[in-house]
There are 2 protein chains.
Amino acid sequence: MALIVQKYGGTSVGTPERIQKVADRVIRTKRAGNQVIVVVSAMAGKTDELLRLASEISSSPDPREMDVLLATGEQVSIALLSMAIREGGLPSVSYLGNQAGILTDSKYGRARIRDIRAEAMKQDLDDGKVVVLAGFQGIDGANNITTLGRGGSDTTAVAIAAALHADVCEIYTDVEGVFTTDPNIYHKARKIKRISYDEMLEMSSMGAKVLQIRSVEFAKKYNVSLHVRSSFSDLPGTIVCQEDEAMENVLVSGVTYNKNEAKITIKKIPDRPGIAARVFSEISKNGIVVDMIIQTPSSKGGHANLAFTVPITDYPKALKMIQKLAKELEAGEVVGNEDVAKVSIIGVGMRSHTSVASRMFVALAGEGVNIIMISTSEIKISCLIDAKYTELAVRALHDAFELDKSPREESL
Amino acid sequence: MALIVQKYGGTSVGTPERIQKVADRVIRTKRAGNQVIVVVSAMAGKTDELLRLASEISSSPDPREMDVLLATGEQVSIALLSMAIREGGLPSVSYLGNQAGILTDSKYGRARIRDIRAEAMKQDLDDGKVVVLAGFQGIDGANNITTLGRGGSDTTAVAIAAALHADVCEIYTDVEGVFTTDPNIYHKARKIKRISYDEMLEMSSMGAKVLQIRSVEFAKKYNVSLHVRSSFSDLPGTIVCQEDEAMENVLVSGVTYNKNEAKITIKKIPDRPGIAARVFSEISKNGIVVDMIIQTPSSKGGHANLAFTVPITDYPKALKMIQKLAKELEAGEVVGNEDVAKVSIIGVGMRSHTSVASRMFVALAGEGVNIIMISTSEIKISCLIDAKYTELAVRALHDAFELDKSPREESL
């Protein structure tokens, strides 16, 4: 008998009718001879409704009470889903974070799971019951309710799958799986059948919104196979799992883009030891995460141009700060640019194959797309380009690496 | 330093603005040098919304999951109120039923409180924090969420006041207190300053919706003084407390009415031992509570007429059942009447004064109101009358016992 963890997001349980559909799928899975734990998010729109209520009370609501408030969203979902499963004729029991023994630290709003005391759930599973578990929530050592932050239900699902050594953790969502690129940008985008944890992590951090980074990290750490699939169809989705040889035969598995960064350049900065350190420690002190960095010698001797990107939400704050700092450092002009985008190619095959970078640059050059900055990791190459070329660049790269064809799956 | 328990109903916390007002009052009470525990209900309308959701999933939702669902209502309220109190500058901490150690039996939907483990709350109070406690909910021995049924928040407030030996338990509601009769029926209705537990119990069971019976029983058992008052004003309301001499000097403290009963008469029932027992055991087997009963000899020898009242919600079911039973018993016709009302006078003074009943009957006769049935207890006399005379009868009785005057309070 297999143990299957299924996680359904807010859209999948957004109405009583949809909850009914989820119950039907759970019942089918159970009747097929499996043990089933279902992890659910709050009904779509519910969390926003609660946030709005809180904002009417306080502009900076107490974090502990915020978690007490938000945790009700999942509580409603588990009660309704468990009712629906029972209505369908199977024994079912709902579990809140505290009942499931999901122990976290005390960082309200972004707590991390420390331990899971799953004995009670295990007993209910062994007794033939479906377990319906509230995602996103836990308790700290003092029995305070905590929440895990955005995408926390994915993390709950993976954590429980790890704790109970589930055979697979199915993540049901409103997309059919992970695609080679955004299907809204390129119709040739293809659903990927299997992808490694590391590739998925790069995809997630690049803005592919299918899975939350932390849940993928968790899955990798505990070697939990994820199956990302649609709650509106029975088609198989994408398996996220450990890297294997077949994956390495593919140079590039996906093309992503990110329009949520902005570039800041400090011109004619004195080219002395410690200056770059000063700039970036100042930025990080303000809680801003820098992504790409490039330093180029200025035409005038003894000076350099220093450019970097920051999240667009932090851009106004960062720009102000840097302008002030540039004066102190007796640097030149500070230039900001919001009209940039980052396109990236991702693939574990890069590690063992050369010429991937040059093939990328050639493809972009072939479309007349100028590269502003470049950054690389072991399995990813990113180029910052003019934002207006984003879609063009994505399509060119998708074609250049023939992602519409399915080499990886053929070789399986 | 006094310990004050304040309980706010759903209307009092129905919107963020009203929650703000409740927070203001809590803060005033705390700043006046008291320790404060606030017990809150779900925001008005919330429970109905949740019930509707459940009804869309199942016509008979699982009781355990129903309690998981309903408990979210109070959880939202405590989070928002605690935020508002903190926004007002006072330390505050919310408590769910399980966090407050409110242990109940496992009767979902109508659980009874067995014990309260209030150490954590006590500590927070001693640390100068306001404690905001979810009403209506608890946990059973296996950490399942339970709810206490309608009016359960009142019960929570009284129970916590008893457990922590609070100086007073203030019940804030949308009325100004307990009145001598329904002010909507008679403009001369007067707010009662002090009323005994027993009188309040009779008032509650008669349909005065201010306080739930169970909470009054609890208050009486543990001698907790209740102060029923309006959350929309600062006027004192009604104190519900132990009987004292001043109360006994008043014959009647209030007039109530109840239009939610119907009368069933079995005519010509064989007048044999065991027949009445058979009828009423049959009724109670069906979970129906009989209120008034009267048996009169029929004109024909060896037969009697048996009449009784049942809640109007059970009337159709009861009538069907009784019609069937009457055939079996070879009794005569079964006659039902929904157009009846019960008017009652209540007062602890009745115990030591005669002639109260006759004064009641004279008053009703004076208005031409025919009495169909009569029932009495130590501190209450009820008459079943034609429903169309209800308001007339209430006003006549209010006048007859001069309830618009305030003898009790004068003698205090």
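User: Where is B:Ser406 found?
Analyst: B:Ser406 is in the loop between α12 and α13 of chain B. Helices (H or I, at least four residues) and strands (E, at least two) are DSSP runs, numbered from the N terminus. This is a predicted model, in which local features need pLDDT of at least 70 and side-chain atom pairs count only at pLDDT 80 or more, while totals for chains, interfaces and linings use all residues. Residues are numbered from 1 along each chain as its sequence is written, and chains are lettered from A and ligands numbered from 1 in the order in which they are written.

User: How many other C-beta atoms lie within 10 Å of B:Ser406?
Analyst: There are 16 of them, so B:Ser406 is partly exposed. A residue is buried if 20 or more other C-beta atoms lie within 10 Å of its own, exposed if 12 or fewer, and partly exposed in between, with C-beta atoms placed from the backbone. The C-alpha atoms of B:Ser406 and B:Lys191 are separated by 9.3 Å, although the two are 215 residues apart along the chain.

User: What is the phi of B:Glu402?
Analyst: Phi of B:Glu402 is near 50°, a positive value in a residue other than glycine. B:Glu402 lies in the loop between α12 (390–400) and α13 (407–410) of chain B. B:Glu402 has 14 other C-beta atoms within 10 Å and is therefore partly exposed.

User: And A:Glu330, what is its phi?
Analyst: Near 55°, again a positive value in a residue other than glycine. Most residues other than glycine have a negative phi. A:Glu330 sits in the loop between α10 (315–328) and β17 (334–337) of chain A. A:Glu330 counts as exposed because it has 9 C-beta neighbours inside 10 Å.

User: Changing topic. Is B:Arg214 buried or exposed?
Analyst: B:Arg214 counts as buried, with 22 C-beta neighbours inside 10 Å. Its place is in helix α7 (residues 213–221) of chain B.

User: Which residues is B:Arg214 in contact with, leaving aside its neighbours within four places in sequence?
Analyst: B:Gly151 and B:Thr155. Two residues are in contact if their C-beta atoms, placed from the backbone, lie within 7 Å. The C-alpha atoms of B:Arg214 and B:Gly151 are separated by 8.3 Å, and the two residues are 63 residues apart along the chain.

User: Now the two chains. What superposes chain B on chain A?
Analyst: A rotation of 179° with 0.1 Å of shift along its axis, giving an RMSD of 0.2 Å. That is the relation of a two-fold axis. Copies are superposed by least squares on the C-alpha atoms of residues with pLDDT of at least 70 in both.

User: Which residue of chain B comes closest to the rotation axis?
Analyst: B:Thr72, with its C-alpha at 2.8 Å. The same surface serves both copies, as 100% of the contact residues of chain B recur in chain A.

User: How many residues does the contact take from each chain?
Analyst: It takes 27 residues from chain B and 27 residues from chain A. On the side of chain B that touches chain A, α1 (16–31), α2 (46–57) and α3 (63–87) each supply at least two residues. α3(B) gives the most, with 14 residues.

User: What about the sheet in chain B, how many strands does it have?
Analyst: The open sheet has eight strands in the order β3-β6-β2-β1-β9-β11-β12-β10, with mixed pairing. Two strands pair if DSSP finds at least two bridges between them. β3 (92–95) and β10 (194–196) of chain B stand at the edges with a single partner strand each, so one side of each is left without a neighbour in the sheet.

User: Which way do β2 and β6 of chain B pair, parallel or antiparallel?
Analyst: Strand β2 (residues 35–40) and strand β6 (residues 130–134) of chain B pair in the parallel sense over four bridges. B:Val40 stands opposite B:Ala134 in β6(B).

User: Last one, β16 in chain A. How many of its residues are buried?
Analyst: Seven of the nine residues of β16 (residues 303–311) of chain A are buried, so the strand is largely enclosed by the rest of the structure. Strand β14 (residues 261–270) of chain A pairs with β16(A) in the antiparallel sense over eight bridges. There, A:His303 is the bridge partner of A:Pro270. Strand β15 (residues 293–297) of chain A and β16(A) are also antiparallel, over five bridges, and A:Ile293 stands opposite A:Phe308.
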